[in-house]
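Please read them with the model open.

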Amino acid sequence: MRQIDQLDDVALATVKEYRGGFSVTFTLEPLGVPRRTVIVSFKSHIPHVRVDGPSESPHRYSDGTLCMWYPGDSRDLRWMPSDGAHKLVAYIAAHLVREEWWRMNGEWLGPEVRHGRKDLHNDPKPVRSRK
C-alpha cells in the first residue's frame, strides 16, 4: 500500500503509522464520481476503507467503512496484500462508481451479497470489556 504514490490519478496526502498498523490518505476521482478523500487503515492484512461524501449505500458497514467484498469470498473475489496497491485502489474506485450508480438509479451494478445496514455476519464484532 505504501507504493500508492506511484499510481496515476491518485494524489497521496499522508501516511500515518501507529502501533499495530498504518493508514494512507489519498484523493481519488473515478469516472463519473466527484473527487473523494479516501482513508485506508490497516491493523492487519485487511483494509478498512472510509470515504468522504455521501454515505448512503447498501454496501457500507454500520461504522461507515466500505463493504467491497464478502469475507467468505474466495481469494479471486477479494483483495489480498500480494495484489498490491493498484488493485486495492481499483476495488475502491469500482465500489464508488457502483455507489454513485445506485444512488442515481436504485440498482447495484456487479456482484453483491445483500445485507442491511447491520449484518451480524459481516459487521465488525463489538469488543466487549471485561468487568
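1. On confidence, the mean pLDDT of the chain is 81, with 78% of residues at 70 or more. Strand β4 (residues 47–51) has the highest confidence, a mean of 95, while strand β1 (residues 10–18) has the lowest, a mean of 77. Residues 121–131 have a pLDDT below 50, and this stretch makes 12 contacts in the model beyond near neighbours in sequence. Where pLDDT is low, the predicted coordinates should not be read in detail.

2. On the overall layout, the chain has four strands and one helix, arranged along the sequence as β-β-β-β-α. Of its 131 residues, 37% are buried. Taking contacts between residues at least 6 apart in sequence, 41% join residues at least 24 apart.

3. How many aromatic pairs does a search of the whole structure find? There are three. One of them is F42 with W79, a tilted pair with 5.9 Å centre to centre and 55 degrees between the planes. F42 and W79 form one aromatic cluster with F22.

4. W69 and Y91 form another aromatic pair, this one edge-to-face, with 5.1 Å centre to centre and 70 degrees between the planes. This pair also links distant parts of the chain, 22 residues apart: W69 sits in the loop between β4 and α1, and Y91 in helix α1. Both residues are buried.

5. Is Y91 buried or exposed? Its relative accessibility is 18%, so Y91 counts as buried under the 20% cut-off. Leaving aside neighbours within four places in sequence, Y91 is in contact with M68, W69, D76, L77, R78 and W79. The list includes W79, the partner of F42 in the tilted pair. M68 is 23 residues from Y91 in sequence, yet their C-alpha atoms are 7.1 Å apart in space.

6. S23 is in strand β2 (residues 21–28) and is buried, with a relative accessible area of 10%. Which residues does S23 contact, leaving aside its neighbours within four places in sequence? They are T14, V15, K16, Y18, I39, V40 and S41.

7. Finally, the surface. W101, M104 and L109 form a nonpolar patch there, with about 290 Å² of accessible area together. M104 is located in helix α1 (residues 85–105). Why does M104 count as exposed? Because its relative accessibility is 57%, and exposed means over 50%. Helix α1 thus holds both exposed M104 and buried Y91.

Technical notes: Residues are numbered from 1 along each chain as its sequence is written. This is a predicted model: local features need pLDDT of at least 70, side-chain atom pairs count only at pLDDT 80 or more; totals for chains, interfaces and linings use all residues. Side-chain values use heavy atoms; hydrogens and water are left out. Patches are made of residues with over 30% relative accessible area and no salt bridge: like charges are joined within 9 Å, nonpolar side chains (Val, Leu, Ile, Met, Phe, Trp, Tyr) within 5 Å. Accessible areas come from the Shrake-Rupley method with a 1.4 Å probe; for residues, only the protein chains shown count as cover. A salt bridge is a side-chain nitrogen of Lys or Arg within 4 Å of a carboxyl oxygen of Asp or Glu. Helices (H or I, at least four residues) and strands (E, at least two) are DSSP runs, numbered from the N terminus. Buried means under 20% relative accessible area, exposed over 50%, partly exposed in between (1.4 Å probe, protein chains only). pLDDT is the predictor's confidence in each residue, from 0 to 100. Contact means heavy atoms within 4.5 Å. Rings of Phe, Tyr and Trp (its six-membered ring) pair if their centres lie within 6.5 Å; planes under 30 degrees apart count as stacked, over 60 as edge-to-face and the rest as tilted.
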